[in-house]
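Good morning, and thank you for coming. I would like to take you through a few features of one protein structure, step by step.

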Amino acid sequence: MRLYINPNEMSDAVAPWPYVLDSLTKKAKEWSLMNGLEKKNEFEIAKHVMEHKTLRSYLLEWLESCISVSGKKSTADSLKYRTQGNNAFKRHHDSASLSLYNDCIRYAPPGSEELALGLANRSAVLFHMKRFMECAIDAEKALSLPYPKKLRSKLMLRQSRCYLQLGNWEKCESILNLAEKNLLDQPSYNCDSINDVKQEVLSILSEVNEKRKNTTVPSAKQTAEECLPTLLCGTNSTFPSVSSALELRYADTKGRFVITNQDVKQGDVLFIEKPYAFVVLPDHYKDHCHHCTKVLVAPIPCPNCVDVLFCGNVCETAALSSYHHWECGGMSLMSAVGVAHLGLRIILATGPPSQVLHKADTTSQHSQADGINCLQDPYSAVHSLVPHIKDMSLDDIFQYTATAELLALYLVHKTDYFKKDTKSLKVESDVLTEVCGLLLRHIAQLVCNAHAITKVDCEKSLPEFSDGRANTVIAESQQRIATAIYPSASMMNHSCDPNIINSFFNEILIVKASRDILKGEEVFNCYGPHFQRMGTAERQAALQAQYFFYCDCTACVTNPGESFDPVQERLWALRCSSCSGPLLNEAPGREPAGSKVLKNELPNSHLMVCDGCGSHQPISSLVGDAFSALSLFRKGCEEMDKGDMQIALNNLNRCRELQERALYHGNKDLSATYDMLAKCYATLGNYSKSVEYLELMLPAIEEQYGANSIELANELQKLSDVMLCNVRTMETVPPKQILKNATQVVERGLSILSVHYGKWNQGWQDLDKKLQELKLMEEMATVQGKFSGTTT
């Protein structure tokens with residue numbers, strides 16, 4: 001077995017862990033190491049596999065190779081990023097310079113002048129971006145480090161201006177006093193420099209006095225945390241982080257499940273749960289806090305490694321004191337092993353080996369029927385989740401075990417995890433096997449119980465106005481930024497048509513009822529396969545492969561075994577020439593029409609039936625138009641990528657004409673064309689035309705996902721962005737009808753987000769700001785109408 005990729009494939013790179021696992025699996029079969037694993041429990045499996053010395057040598061070799069590529073603090077690298085950041089800042093590329101200064105700070109050795117310089121330079125771009133609190137904090141940190149004395153007064157002046165903008169006059173004046181004192185302590189300052197600083201101090205003091213006279217103290221704004229909802233009927237005394245309106249039950253046929261003990265209304269809050277443990281995904285190491293998942297602006301780096309960033313000192317201290325001091329220096333390994341990193345985090349967050357093993361042993365004495373009582377202790381609640389090891393293939397069992405052993409070996413050879421908790425090598429060997437068994441259990445549990453922490457990612461497609469107002473078309477999508485384990489929420493069973501919706505405030509999971517739930521009904525989550533996005537057969541296959549059960553929810557029972565059920569078929573349906581309804585196949589199991597069907601597979605005489613009027617119609621010409629439109633759509637997209645918008649519009653409009661004739665209005669291909677046309681017109685600044693096509697998309701989104709769906713709210717958010725771009729660019733006060741239409745769109749979006757999320761949600765806050773702006777515009781339009789004596 002080779003542990004490195006062929007140099008022609010990837011020079012000087014460590015072989016990816018999945019590649020190594022595949023190679024080890026072949027070896028394990030040659031060694032007969034996998035025989036009988038399916039009959040053993042996790043501890044027996046771990047003991048059996050760990051006794052193989054050749055396997056251990058391979059694991060240790062790869063571990064050394066992986067750890068060797070971990071990034072390290074470096075003054076040279078820090079200086080490189082700072083220089084690049086300076087160049088970007090000079091060109092007024094604020095976002096680029098902020099990212100580069102963040103990298104400079106990541107690589108700067110702790111307590112160094114390079115770190116101080118990086119923080120000071122980052123404070124400059126933060127000030128330019130009007131992030132005054134972050135700027136002031138960076139300046140404070142830089143001044144606590146060996147920041148050059150001749151530059152300190154200038155940095156203090158920037159810091160004082162931050163507190164001026166934040167309305168903290170006392171802090172502002174205190175820092176100005178320090179700036180003046182610093183001048184007296186620096187004989188190297190020339191007279192001009194001293195006079196410049198003194199003039200700046202007087203100027204800021206003058207502004208402070210003026211603001212004190214003319215500014216009323218603003219009432220404290222409600223923080224996002226204060227806007228968090230409360231659980232329906234308060235917190236359950238026996239079911240942590242759960243509403244008292246819910247109960248946990250057990251049945252031999254399906255294990256533990258959640259039901260209501262009273263009627264629940266749409267929008268009621270059922271769970272507010274912090275994860276027992278979570279890990280940020282590698283793609284988001286640089287933009288989310290590793291301890292709370294908060295989006296990072298001016299992050300604090302781990303003092304010892306370059307991969308882990310925090311939003312502030314509180315998260316940094318909490319992480320270093322619990323789990324990160326064992327993970328630090330091993331992040332290249334953590335990012336390589338995927339979800340197994342979370343399995344390790346569960347162990348480390350619980351404590352030293354003796355504590356973990358004691359809790360695991362206590363929980364193991366209970367059956368799952370007794371597991372209702374295990375929820376009171378957080379780790380016991382995690383441990384009691386079913387690992388499904390006996391349902392897995394031998395290959396999977398071995399690969400999860402090899403990964404568990406790799407992580408256990410990391411703890412032995414690269415940390416002091418075992419050293420402080422055991423007294424002899426023999427004890428350590430026994431404890432190591434037991435910890436490896438627990439790691440295997442948790443990794444196996446996560447296959448079925450890991451929960452994605454998602455956040456809305458906003459992609460801006462247009463620049464800003466010179467005054468800083470957003471002039472952007474926002475493309476929103478749910479991005480998975482972390483993987484977590486929520487013990488109480490894991491008690492919910494799956495349905496392809498769930499009655500709850502999940503959302504997140506940082507790492508906190510908030511579960512609301514997505515529709516009314518009657519007393520005694522079961523509360524269902526969706527594990528991924530949803531009836532509005534996948535056909536029955538595809539959902540069943542996915543659930544069997546990952547979760548080891550056959551789904552008998554209403555959506556699956558209604559359309560058993562169909563490869564493509566009617567709900568999905570409508571999304572690709574052709575258009576009835578009589579009533580414009582969707583043309584569907586009568587033959588069960590047949591793929592729908594439109595671009596999802598190969599043209600040469602359909603005979604010229606093929607008929608489909610309209611789901612609206614029931615008429616039978618030939619479809620050969622419709623399919624021909626659909627495929628011609630698809631070709632034009634691809635050409636239009638290619639021209640957009642090249643930046644030739646006019647040619648793109650020509651192709652997309654010809655595509656639209658064919659599709660409107662051939663495709664049902666809810667067809668996803670037609671919606672995609674409307675969306676691209678809207679984007680194209682918005683890029684050209686023709687916002688009214690962009691609004692027109694975004695509005696045409698709404699009925700299809702509503703038909704597919706529902707009138708109160710998050711998907712519809714996201715489309716309304718995008719539509720409101722373009723509507724505001726339209727009114728902001730008008731040379732005169734916008735007509736009242738345009739403002740009214742935009743207000744209705746925003747209010748509808750707010751209504752949906754209020755049901756599913758709440759005031760703490762960033763999307764809700766963005767829409768609320770738009771609503772206030774529109775109301776102000778309406779007042780201005782009314783005033784102008786009175787003065788002019790006309791109505792608009």
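This is a predicted model: local features need pLDDT of at least 70, side-chain atom pairs count only at pLDDT 80 or more; totals for chains, interfaces and linings use all residues.

Strand 11 covers residues 508–513, and it pairs with strand 10 in the antiparallel sense over six bridges. As a reminder, the strands of a sheet pair through backbone hydrogen bonds, either parallel or antiparallel. Both strands belong to an open sheet of three strands, whose order is 3-11-10, with antiparallel pairing. Which strands stand at the edges of this sheet? They are strand 3, residues 269–273, and strand 10, residues 500–505, and each of them pairs on one side only. On average, neighbouring strands of this sheet are turned by 20 degrees against each other, if direction is ignored.

Strand 13 is joined by two bridges to strand 14, residues 582–584, and the two run antiparallel. Within strand 14, P582 is the residue that stands opposite R575.

Next, a helix. Helix 15 has twelve residues, 353–364, and at 1.5 Å a residue it should span 16 Å; its end C-alpha atoms are 16 Å apart, which agrees. Which residues of helix 15 are buried? They are P353, V356, L357, A360 and T363. Seen down the axis of helix 15, the buried residues fall within an arc of 130 degrees, so they line one face of the helix.

Finally, let us consider a residue in a loop. H530 lies between strand 12 (524–525) and helix 19 (536–547). Is H530 buried or exposed? Its relative accessible area is 11%, and because buried means under 20%, H530 counts as buried. Setting aside neighbours within four places in sequence, H530 is in contact with C496, P498 and R539. Of these, P498 is 32 residues from H530 along the chain, yet their C-alpha atoms are separated by 8.3 Å.

Thank you for your attention.

Notes. Residues are numbered from 1 along each chain as its sequence is written. Side-chain values use heavy atoms; hydrogens and water are left out. Helices (H or I, at least four residues) and strands (E, at least two) are DSSP runs, numbered from the N terminus. The expected span of a helix is 1.5 Å times one less than its number of residues. Buried means under 20% relative accessible area, exposed over 50%, partly exposed in between (1.4 Å probe, protein chains only). The arc is that of the directions from the helix axis to the C-beta atoms. Two strands pair if DSSP finds at least two bridges between them. Axes are lines fitted to C-alpha atoms, for helices over the stretch in contact, and angles run from 0 to 180 degrees between N-to-C directions. Contact means heavy atoms within 4.5 Å.
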